[in-house]
Amino acid sequence: MYFNPKLYSFIGTLALLAACHSKPDAAAGKDAPAGKDAKPAAAAAPTNPDQVAVSPAQAQAAGIELGSFERQNMTTEVQANGSVEVPPQNRVSITAIMGGYVQTVPVLPGQHVAAGSVVATLRSPEYLTMQQTYLQSKAKVRFLAEDLERQRILDVEDVGAKRKLQQARADYATEQATLRTTAAQLRLLGISTARLDAGTIVSSVPLTTPIAGYVKAVNINPGQYVNPQDVLVEVLSRDDLHLELKVFEKDVAFVKPGQKILFNVQNTGRPEELIARVFLVGKAFDDNARTVRVHAHLEPERSDLLPGQFVAARIQTAGARVRTLPEAALIQAGDLSYIFQRVGTDSGRTVFRRVKVRAGQPQHGDVAVTVLDPLPDTTQLVRRGAYFLDAELRKGAGGD
């Protein structure tokens, strides 16, 4: 037989290469775990990275609840802070028309007073002087009226001078003006000119409230001298409570009269949510805060709120009927969120698929959702327990 050295060399090379490739496989087989815990490598990778299967026991333990979308009227909201207030005409600051000494203060802060009630009494020698001036002026007017009549008679008989008649008319008109002015000043002080005409002179004057309401503040005490610019007593009426909110510049364009407001009174410990409605939107900005004042009527009127209480409000600026799910059904993931859809069963385990959605702002525990891929309203979805499914999905993806 003919011996070919090149052929035998080629066959030896092939045998050597085969031996080299067989060693790692053997080593891999030697190092691989044996027994029932051994899993094929292909089983570690899920068939769909967005699907997870759970047993009935797991679903029950996690409190998974199934349901479908709900259609609700969801609104966009503007956040605002403010306070409970009363209109300016329901808030009165009582001052003295003329300075004087405080004689009596018959009211206390928090006390209810009727319209026309006396809240303080002042006394002063100036009050007596003004009454004297009135009585003297009244007597002088009577004299000048008689003198004017005499001058008219003389003028008719062509006995008196025209100048005297004209002077009598001027004096009478001047004194009448003085009398009317003094009488008006006395009425402002609360002194009755009718009683003064009857001979009754008083040394003190009452200060009365023009509205019924509650005494907010008493800033005086007996014996104190007060000036006309001093605020002595403050009275406010709670008959027309309303909200005064401050809305930031970026949100003003969305606020319109007639919009509904949900608000809570802060620092009261009451969780209830109250209702108001916008009736006036300011037309100018506060220079410092760059906010606009918005006024709202309470619905219904309430008597258990106090002027000055701070409130946190949400102005509902728009509304639409949209698909919603509970907050517990969504998994937040940046700009997008996820929900879980029930897709079927496999070997007795329920299979869920993760679905991307866009979520709106939560309102009363519900969230408006927009599904990126079409889903019918009747789709079986996880309404509670989504965080358990998300944890199981991540566990499978991470190999834990």
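## Basis

Helices (H or I, at least four residues) and strands (E, at least two) are DSSP runs, numbered from the N terminus. This is a predicted model: local features need pLDDT of at least 70, side-chain atom pairs count only at pLDDT 80 or more, and totals for chains, interfaces and linings use all residues. Residues are numbered from 1 along each chain as its sequence is written, and side-chain values use heavy atoms, with hydrogens and water left out.

## Second largest pocket

The second largest pocket holds about 190 Å³ of space. A pocket here is an open set of points on a 1 Å grid over the protein atoms alone, with protein on both sides within 12 Å along at least five of seven lines; lining residues have an atom within 4 Å of a point. The volume is the space filled by probe spheres set on the points.

Strand S3 (70-85) and strand S16 (310-326) each supply at least two lining residues. S3 gives the most, with five. The lining includes Met74, Glu77, Val322 and Pro362.

## Helix H3

Helix H3 spans residues 125-156 and contains Leu135. Leu135 is partly exposed, at 31% relative accessible area. Gln151 is buried, at 12%. Buried means under 20%, exposed over 50%, partly exposed in between (1.4 Å probe, protein chains only).

Beyond its neighbours within four places in sequence, Gln151 is in contact (heavy atoms within 4.5 Å) with Lys164, Leu165 and Ala168.

Definitions and conventions
On a 1 Å grid over the protein atoms alone, a cavity is a set of points where a 1.4 Å probe fits but cannot get out, and a pocket is an open set with protein on both sides within 12 Å along at least five of seven lines; lining residues have an atom within 4 Å of a point.
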